[in-house]
Structure formats: C-alpha cells, structure tokens
Amino acid sequence: MKLINRNGRATLFSKRGEIDVAESSNGRFPAELDSLYFSWSEFAEWAKAFDAPNREVDLVDRRDLGAVSPAPSQVLAVGLNYVDHAAESGFQVPEYPIVFTKFASSIVGPFSELTLTSGTVDWEVELVAIVGVGGRNISAEDAWQHIAGLAIGQDYSDRDAQFRGQPAQFSLGKSFAGFGPIGPVLVSPEEFLAQSDPVIECLIDGERVQSATVSDMVFPIPDLVEKLSAIVELRPGDVIFTGTPPGVGFGQTPPRYLRQGQVVTSRISGLGVMEQRCV
Ligand code: ZN
C-alpha cells in the first residue's frame with residue numbers, strides 16, 4: 001500500500017492512478033488521515049483491492065502534499081540509534097533507547113520551506129514509522145502488525161537550543177515550526193521490508209552528507225516498539241522517528257550548519273524523496 005496526504009485528503013496510489021479514499025469507499029472511511037488511522041485494520045483490508053505500483057511514486061503537484069500523519073497525538077524520537085552517529089556526537093552507544101519528543105506542532109508536509117531559527121540548524125534524515133493499531137506491551141514479534149507504514153522524516157535540530165542548559169534537553173530545540181517534515185508517501189511494512197537493504201541518505205545542494213543502510217540501526221523498529229510500548233501507550237497515527245545515521249553537521253570539524261538558500265534532499269529506498277529549502 002502507498003498512501004499520501006493530497007490537500008488534506010487520504011489518497012491511495014494504485015496502478016490505476018490516485019484513489020480518493022473517502023469518495024471511493026462511499027464515506028466508509030474518512031478523508032482526513034488523522035481520523036483514518038483509528039480504523040486502520042479495516043482500512044488496510046479494504047485497500048488491498050487497490051494494487052500499489054511497484055515503482056517509487058512519481059509525485060506531481062508536490063505543493064499539495066501534507067504530512068502522512070498530520071496531527072499525531074505523540075511523536076517519539078530516538079537518539080543515537082546508529083553506532084557511528086553516537087561516536088560523532090561524542091556519546092556511547094546506548095544500552096536502552098534514548099527517547100525525546102518533537103512536539104506535534106513541528107510536523108509539516110514533505111516539501112516545505114525551513115525557516116532557519118539560528119546559525120546552528122542541522123539536518124538529521126530518519127526513517128519514520130507511523131502507528132496504525134495502538135496498544136501497550138506490544139512484543140517485538142507482533143510489532144509490525146501495529147505499524148501502518150514507513151516514511152521519510154527530517155529531525156531538524158537547532159543545536160544552540162538543543163544543548164542549552166545542563167543537563168541539556170533535546171525536545172525544544174527540535175520543535176520549532178517546520179522542524180518535523182514527514183512524507184511524501186506512507187509505504188506499508190510488507191512493501192518496505194521486501195527490499196533487500198534500504199539506503200537512507202541526506203544531500204545538501206546535491207552533496208551527499210549522510211548515507212547508511214537501515215540495517216545499521218542499533219535498535220530496529222520491532223525492538224523500539226516493544227521497549228516504547230512497555231511504558232507509553234502507542235496510539236493510532238503516532239509518529240516514531242527512529243534516529244539518524246552519521247554525517248550530521250555538528251559532528252564535523254569544524255561544525256557545519258544550514259544556510260539560507262540551501263536545499264536539503266532526503267531519500268530512502270522505496271520511500272521516495274523529500275525536500276526543504278532553507279529561508
Ligand atoms: Zn534525530
């Protein structure tokens with residue numbers, strides 16, 4: 001299944017083109033994605049009738065696209081989930097996931113302008129998992145049955161704000177307006193996992209600054225779902241940012257940050273491309 005948010009309406013990609021979910025289901029399912037996640041099992045069953053094309057979605061009218069989960073009740077973001085990113089950040093690889101939030105008002109669509117809030121705004125491309133069926137105490141074995149799909153995310157971070165104070169607190173510096181773009185397409189776990197080893201990349205003005213394979217994660221998604229849901233009830237539409245690979249700006253010598261006019265491109269195999277222009 002490939003699902004997008006076209007002008008605020010849940011829209012399926014099928015071999016026959018774009019299918020408006022509310023219209024095609026005669027109102028059985030809502031137009032808004034945030035409501036749709038609350039009937040995810042029934043919807044996923046219904047959506048099987050619309051075969052998704054195998055190719056990556058070729059998105060025209062990018063400006064119409066909204067976030068694939070526009071109003072999550074919770075955003076759980078994992079820090080230091082790639083060995084070499086922990087090293088470049090000057091931290092040990094954690095024995096238990098390090099978790100913070102991006103407040104939900106930072107979530108935006110996949111093709112947006114990024115307002116630079118200081119001279120220390122940094123990039124972090126991430127694989128994002130969206131919860132379909134919520135719950136507590138979900139085992140790693142059952143985890144994929146609770147995930148609606150995967151998408152690309154950017155965990156933009158104002159490093160000055162993030163590391164202000166002692167001890168530092170991550171959430172505010174990562175929650176400015178527009179700091180959480182997600183999209184462009186929600187791809188079902190079956191389709192995403194059918195690929196051999198998806199690559200995750202970030203490019204600044206075409207220069208590749210981050211590149212890794214998703215299998216490099218310290219805590220894979222099923223493990224994260226088990227550990228998170230042991231404490232927090234996961235709810236339909238919740239967004240899990242799964243951590244960034246090495247190559248962020250503040251880990252470089254000298255540190256490097258985003259500048260006005262630069263274009264940040266984020267790519268993950270099978271999930272397409274997302275883009276922000278810095279203003
Ligand atoms: Zn991050």
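**A hairpin to start with**

Tutor: Begin with E13 and E14, which form a hairpin with 2 residues between them. In the turn, Asp 205 has a positive phi of about 45 degrees. Keep in mind that this is a predicted model.

Student: Okay. In what sense do E13 and E14 pair, and over how many bridges?
Tutor: Antiparallel, over 6 bridges, with E13 covering residues 199-204. For a landmark, take Val 199: its bridge partner in E14 is Thr 213.

Student: And what is the strand order in the sheet with E13 and E14?
Tutor: The order is E7-E17-E16-E13-E14, an open sheet of 5 strands with mixed pairing. E7 (111-114) and E14 (207-213) are the edge strands, each pairing on one side only. On average, neighbouring strands there are turned by 15 degrees against each other, direction ignored.

Student: What about the E7 end, how does E7 pair with E17?
Tutor: That pairing is parallel, over 4 bridges, and E17 spans residues 272-278. Glu 113 stands opposite Arg 277 of E17.

Student: Switching to single residues. Is Gln 210 buried or exposed?
Tutor: Gln 210 sits in strand E14, and it counts as buried because its relative accessibility is 0%.

Student: Which polar partners does the Gln 210 side chain have?
Tutor: One is the backbone nitrogen of Val 125, 3.2 Å from a polar atom of the Gln 210 side chain. Another is the side chain of Thr 244, joined to that of Gln 210 by a polar contact of 2.9 Å. Beyond its sequence neighbours up to four places away, Gln 210 touches residues including Trp 123, Glu 124, Cys 202 and Pro 245.

Student: There's a metal too. Which residues coordinate the zinc ion?
Tutor: Glu 124 and Glu 126, each through OE, and Asp 155 through OD, at 1.9 to 2.1 Å. In sequence, the donor residues are spaced E-x1-E-x28-D. Glu 124 lies in the loop between strands E8 (121-122) and E9 (125-131), and Asp 155 in the loop between E10 (147-154) and E11 (157-158), so the pair ties together parts that are 31 residues apart in sequence.

Student: Are Glu 124 and Asp 155 buried or exposed?
Tutor: Both Glu 124 and Asp 155 are buried.

Student: New topic, helices. Which residues of H8 are buried?
Tutor: Ile 221, Pro 222, Leu 224, Val 225, Leu 228 and Ser 229. Seen down the axis of H8, they fall within an arc of 160 degrees, so they line one face of the helix. The buried residues of H8 pack against strands E4 (75-79), E5 (98-100), E9, E10 and E15.

Student: And which ones are buried in H3?
Tutor: Trp 40, Phe 43, Trp 46 and Ala 47. They cover an arc of only 125 degrees around the axis, which puts them on the same side of H3. Among the elements covering them are strands E1 (2-6) and E2 (9-14) and helix H1 (21-24).

Student: What comes between H3 and E4?
Tutor: A loop, and Ser 69 is found in it. Ser 69 is buried, with a relative accessible area of 1%. A polar atom of the Ser 69 side chain lies 2.6 Å from the backbone oxygen of Gly 237. Leaving out residues up to four places away in sequence, Ser 69 touches Tyr 37, Ile 107, Ile 130, Ile 182, Gly 237 and Val 239.

Student: Now Ile 231: buried or exposed?
Tutor: Exposed, because its relative accessibility is 59% and the cut-off for exposed is over 50%. Ile 231 is in the loop between H8 (221-229) and E15 (239-241). Apart from neighbours within four places in sequence, Ile 231 is in contact with Tyr 96 and Arg 136.

Student: Last one, the backbone. Where are the cis peptide bonds you'd point out?
Tutor: One runs from Gln 166 to Pro 167, with omega near 0 degrees. Pro 167 is in the loop between helices H5 (159-162) and H6 (170-173). Another runs from Gly 183 to Pro 184, with omega near -5 degrees, and Pro 184 is in strand E12.

Notes
Residues are numbered from 1 along each chain as its sequence is written. This is a predicted model: local features need pLDDT of at least 70, side-chain atom pairs count only at pLDDT 80 or more; totals for chains, interfaces and linings use all residues. Side-chain values use heavy atoms; hydrogens and water are left out. Donors are N, O and S atoms within 2.8 Å of the metal (3.2 Å for Na, K and Ca); water is not among the atoms, so sites may look incomplete. Buried means under 20% relative accessible area, exposed over 50%, partly exposed in between (1.4 Å probe, protein chains only). Contact means heavy atoms within 4.5 Å. The arc is that of the directions from the helix axis to the C-beta atoms. Two strands pair if DSSP finds at least two bridges between them. Axes are lines fitted to C-alpha atoms, for helices over the stretch in contact, and angles run from 0 to 180 degrees between N-to-C directions. A polar contact is a pair of N or O atoms within 3.5 Å; within protein, one must be able to donate a hydrogen and the other to accept it, and residues adjacent in sequence count only if both atoms are side-chain atoms.
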